[in-house]
Amino acid sequence: SQTHVEFHDEYCWSPPPAAVARIVMGVVELVEHAHERGRAPLGIGPDTVLVTDAGCIRLTAPADYATTADRATDLAALGALMFFLSTGIDPDVVGGGVDARARHDRIGRLLDQLSVGNPCASGLAPVIRALLHPEPSRRPDASSVRMMLSGQAPRAGATVQMRLTPR
């Protein structure tokens, strides 16, 4: 028995961009909603994102009252989730055991490599880098992330601009 594998574009690989865009925007909106109410859904990750049969995005991570540090942790977790959704790789495996700046640089180099031929990774790369910034105060808030992903002008202080829309 033989297996037949056919590649239509040998230089392009990616999870389905429309599905990734829908999940990412859904999670960003949930995080934004929680943060606006002073709460944080701590523990955001692939194992806490649920897509219902109706296509709704839900977080199974419990939301609790949030400090500024909790919100910054959520934002970094959101960046790690975007990295995972666009590449299939957990960034903690790549960046573990080093200081925050070295981890950010290592993840950035890997993201550069994985973005070649991957429209999801290349489209999300600027936002992922911003969310994983080693200085929590330099991470864009959830509202700015939503605006960046939808192509709207972010609020003053946001430094990343990109557009990711489902097709």
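Reply: Happy to; we will set each label against its definition. This is a predicted model, where local features need pLDDT of at least 70, side-chain atom pairs count only at pLDDT 80 or more, and totals for chains, interfaces and linings use all residues. Residues are numbered from 1 along each chain as its sequence is written, and side-chain values use heavy atoms, with hydrogens and water left out.

Me: Why is proline 91 called buried?

Reply: Buried means under 20% relative accessible area, exposed means over 50%, and partly exposed lies in between (1.4 Å probe, protein chains only). Proline 91 has a relative accessible area of 1%, so it counts as buried. It is found in helix 3 (residues 91–95); helices here are DSSP runs of H or I with at least four residues, numbered from the N terminus.

Me: What does proline 91 touch?

Reply: Contact means heavy atoms within 4.5 Å. Not counting residues up to four places away in sequence, proline 91 touches Ala80, Phe83, Arg103 and Ile107. Arg103 and Ile107 are among the buried residues of helix 4.

Me: What makes helix 6 largely enclosed?

Reply: Seven of its eight residues are buried, so helix 6 is largely enclosed by the rest of the structure. The buried ones are Ala142, Ser143, Ser144, Val145, Met147, Met148 and Leu149. Their cover includes helix 1, helix 2 and helix 5. After helix 6 comes glycine 151, with a positive phi near 85°.

Me: Where is the kink in helix 5?

Reply: The kink lies at alanine 125, shortly before proline 126, and is about 55°. The bend at a residue is the angle between axes fitted to the seven residues ending there and the seven starting there. Alanine 125 is also one of the buried residues of helix 5, which pack against helix 1 (17–36), helix 2 (68–87), helix 4 (100–115) and helix 6 (142–149).

Me: What makes asparagine 118 a cap for helix 5?

Reply: A side-chain oxygen of asparagine 118 lies 3.0 Å from the backbone nitrogen of cysteine 120, at the N-terminal end of helix 5. A polar contact is a pair of N or O atoms within 3.5 Å; within protein, one must be able to donate a hydrogen and the other to accept it, and residues adjacent in sequence count only if both atoms are side-chain atoms. At the start of helix 4, a side-chain oxygen of aspartate 99 reaches to within 3.0 Å of the backbone nitrogen of arginine 101.

Me: How do you know that arginine 39 lies over the face of tyrosine 65?

Reply: A charge sits over a ring if NZ of Lys or CZ of Arg is within 6 Å of the ring centre and within 35 degrees of the ring normal. Arginine 39 lies over the face of tyrosine 65 at 4.5 Å from the ring centre.

Terms used. Helices (H or I, at least four residues) and strands (E, at least two) are DSSP runs, numbered from the N terminus.
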